[in-house]
Amino acid sequence: MSEIADAVLSIEHLGVSLPKGADRPHALSDVSLSIASNEILCVVGESGSGKSMMANAIMRLLPNEVRIDSGRMVFEGRDLCAASVAEMRQVRGAGIAMIFQEPMTALNPLRTIGDQIAEMFSIHTKLSKPEISAKVLALLEDVRIPDPKVAAKAYPHELSGGQRQRAMIAMALALDPKLLIADEPTTALDVTTQAQILKLIRDLQQRRKTAVLFITHDFGVVAEIADRVVVMQHGVVVEQGAAAQVLNDPRQPYTKQLIAAVPPLKAPPARIISGKNILTISGVSKTYRTGGFLGRGARVTPAVQDVSLYLPRGATLGIVGESGSGKSTLARCIVRLIDPETGSIVLGGKDWAKLTREEFRRETRHIQMVFQDPFASLNPRRKAAELVAQGPIVHGTPRAEAIAEAKELFALVGLDPSSADRFPHEFSGGQRQRIGLARALALKPDVLVADEPVSALDVSVQAQVLKLLAGLRQQLGLSIIFITHDLRVAAQICDLVAVMKDGAVVEQGLAAEVFGNPQHPYTQALLAAIPGGKFAREHATATV
Amino acid sequence: MDALKRYFRSPAAVAGLILLLVVIAMAASASFLYPRDPLALAGRPLIWPFSNPRFLLGTDNSGRDIAAQIFYGARISLLIGGVATAIAILIGILVGAFAGYYGGWVDNVLMRITEAFQTLPNFVLLLVLVAVFGSTLTTVTIAVGVVSWPVPARLTRAEFLSLRNREFVQAGRTLGMKDLQLILGEILPNAMPPVIVYASVVMAVAILLESALAFLRLSDPNVASWGNLIGLGRDVLRVQWYVSAIPGIAILVTVLAVSLVGQGLNDALNPRLKSR
């Protein structure tokens, strides 16, 4: 399989060793693969599978103490493992180019986009200035940036995320590299932008016959773009083959497991929803005002505009939208981390929006929140059991009792109660998210607000946490507000869905109706933009 | 534990710790090795060091044993260094924590006060305080502490500004914690490492400030301090330079030890910065 006649890059038995004290001795072991010109090879794997390490190994950009200790990487008849530093400089950019996940950090914030692309030419070629600026414009046109002349003079922060990624791609393609390595290039982007960038990469690849090594964790993206697929786990290639074959007929159990964990884009069978609403939100607005002196030059951003929603008892309401749609602000208004300006949030007969801070502090156990980032949402200096017990202790439970209850909660969320004495950094991302969930549940809330609770997790862990959430909902009679940007996740767990755009709710209703028969053009566009939409739907029917 | 291991991996940090322990041992053993009052007349004035076995480091211009004064002086320096640092850090943390946590007008008021202190040179302010309140050991220590708090306050404020909107603080708020619980229990422990490291700088400066004060004969003359001895030696600096030089070396060694320990703590508490 790895022997392809016209391979642009072929990697043979590559091994990369990690420094002593790392969680495993090898980042990569015995990795063999090859990329032909004119194909997109997707490398998929969960975090820690070594996929990014492989990209860095190809570019010979490994961190100190991480070394290539075996194998060969043949590019244009030359073994990159043995190339000198000067030779590598020739290869990087001109022979192999790379684009990264976060274009904002990969671009220099103090120089214009045009300058940064022009630099590629001035370093590697002897073209004159006018020739270079003509080439820069042509490139920016090629990556379909609206108004290339303006974009060339813009600084990175003046462009949107999608435009920045286009600029990065233009920079990478400047010198017509034989191979483009794309390391999760669309992960930080919204779903509609992601769809555009994926289409762009596919187009450019076909026009320019560049080989693309595309690294991703998302099988939807794989279905969208890949010609061939390599599946990695713990630094080893588990399976490789043509995209259609790997996606539809995976041979290895690990691949099967990964694909089964991909959330299918189809609402689960509708559950019976109580007619009584536990939480009613009406007319909530929040506007941010920044800067400005005496009203001049002030920027007014309506983050949430006149949002009205209801949550039936025991149901799950999904709030979906892209970044900047105001969904997180709304969640923070509901738990009063942010004070809404107008509107009411009625829970248990009280208007939450009108309570004073002190009143709210006492009532807070009725409504609890689970946060997005499992690394940032736990105080690193407290033990897991303490973190979970904090809420009850604050509300007057004796410490010993609260700690004992915390250990019971550990079992409830699927953690080993004996691990309660460990600090957060000793847990994995999924486990930390379970701790966060246990902390919220410790106060026995009526309503749980979950702000992107699974977005930072690998798909298999994501599936486990969603399953846990669905189980707890049943067991404890929880009502959940579930905020996510990922419609596939929303489709899995939500009974009701509200779609937000620019601070306003554009469509709401039963999940099956919103996903099955979207009415608003924006909802339709969102659904159409989901990567590998066809795969997601077909695969749904295959696994359910 | 990891931090401790990292600390002992650095030879400079270990050397600093050993030096500091030596100074502490000197302070602890002073009354045992020199049971007599260090400020009592002991022999002929201005005996050179190593010329008389009774006075290993010689005597000063009034005939007091320099070695005894050095040992007892270690106590004073450590006392002033330690207590003044504690005062400065305590005020600094309080001011910085409230300013950083509440922001708005609280921050404005507290930071303008901090700036008022910062614009005055430390030493000038110290002179004013000593001139007004007198120069006993207590007032000098408190005065040194009071002039050293602005930088720890700014450091704490900066840490609080970046930590107060972290998700774990928000989580604490949704659990219904009071502001004070959030400040002390959640944010402060995470804001401490840079402040602890800076405490070593405050301590070194505090020791130097006291010596400078003593050199001008404005410190408490009734205790044996290194600064007082340097001040005395000023009169005979041309010939009997050792009277000033010996306590000078003692100060140098102590400040160096404190700085090395501080640097070691910095590397141990912020390991990521070091490997860069």
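Trainee: In the hairpin of β4(A) and β5(A), which residue takes a positive phi?

Mentor: First, the ground rules: this is a predicted model, where local features need pLDDT of at least 70, side-chain atom pairs count only at pLDDT 80 or more, and totals for chains, interfaces and linings use all residues. Residues are numbered from 1 along each chain as its sequence is written, with chains lettered from A and ligands numbered from 1 in the order in which they are written. Strands (E, at least two residues) and helices (H or I, at least four) are DSSP runs, numbered from the N terminus. The hairpin has two residues between its strands, and the positive phi, near 50°, belongs to E76(A).

Trainee: How many bridges join β4(A) to β5(A)?

Mentor: Strands pair if DSSP finds at least two bridges between them. These two run antiparallel. One bridge sets V74(A) against D79(A) in β5(A). The number of bridges is two.

Trainee: In what order do the four strands form the open sheet?

Mentor: The pairing is antiparallel. The edge strands, each pairing on one side only, are β2 (26-36) and β5 (78-79) of chain A. The order is β2-β1-β4-β5.

Trainee: Which residue stands opposite V16(A) in β4(A)?

Mentor: Strand β1 (residues 7-17) of chain A pairs antiparallel with β2(A) over seven bridges. Seven bridges also join β1(A) to β4(A). In β2(A), V16(A) has L28(A) as its bridge partner. In β4(A), the residue opposite V16(A) is I68(A).

Trainee: Which residues touch the most other members of the largest nonpolar core?

Mentor: Such a core is a set of buried Ala, Val, Leu, Ile, Met, Phe, Trp, Tyr and Cys residues joined through C-beta atoms within 7 Å. Buried means 20 or more other C-beta atoms within 10 Å of the residue's own, with C-beta atoms placed from the backbone. Helix α3 (residues 66-102) of chain B gives the most to this core, with 20 residues. Of the 246 residues in the core, the two that touch the most others are V222(A) and I481(A).

Trainee: Why does the radius of gyration of chain A agree with a compact globule?

Mentor: The radius is taken over C-alpha atoms, and the globule rule is 2.2 Å times the number of residues to the power 0.38. With 544 residues, the rule gives a radius near 24 Å, so chain A agrees at 25 Å.

Definitions and conventions:
Buried ≥ 20, exposed ≤ 12 C-beta atoms within 10 Å, placed from the backbone.
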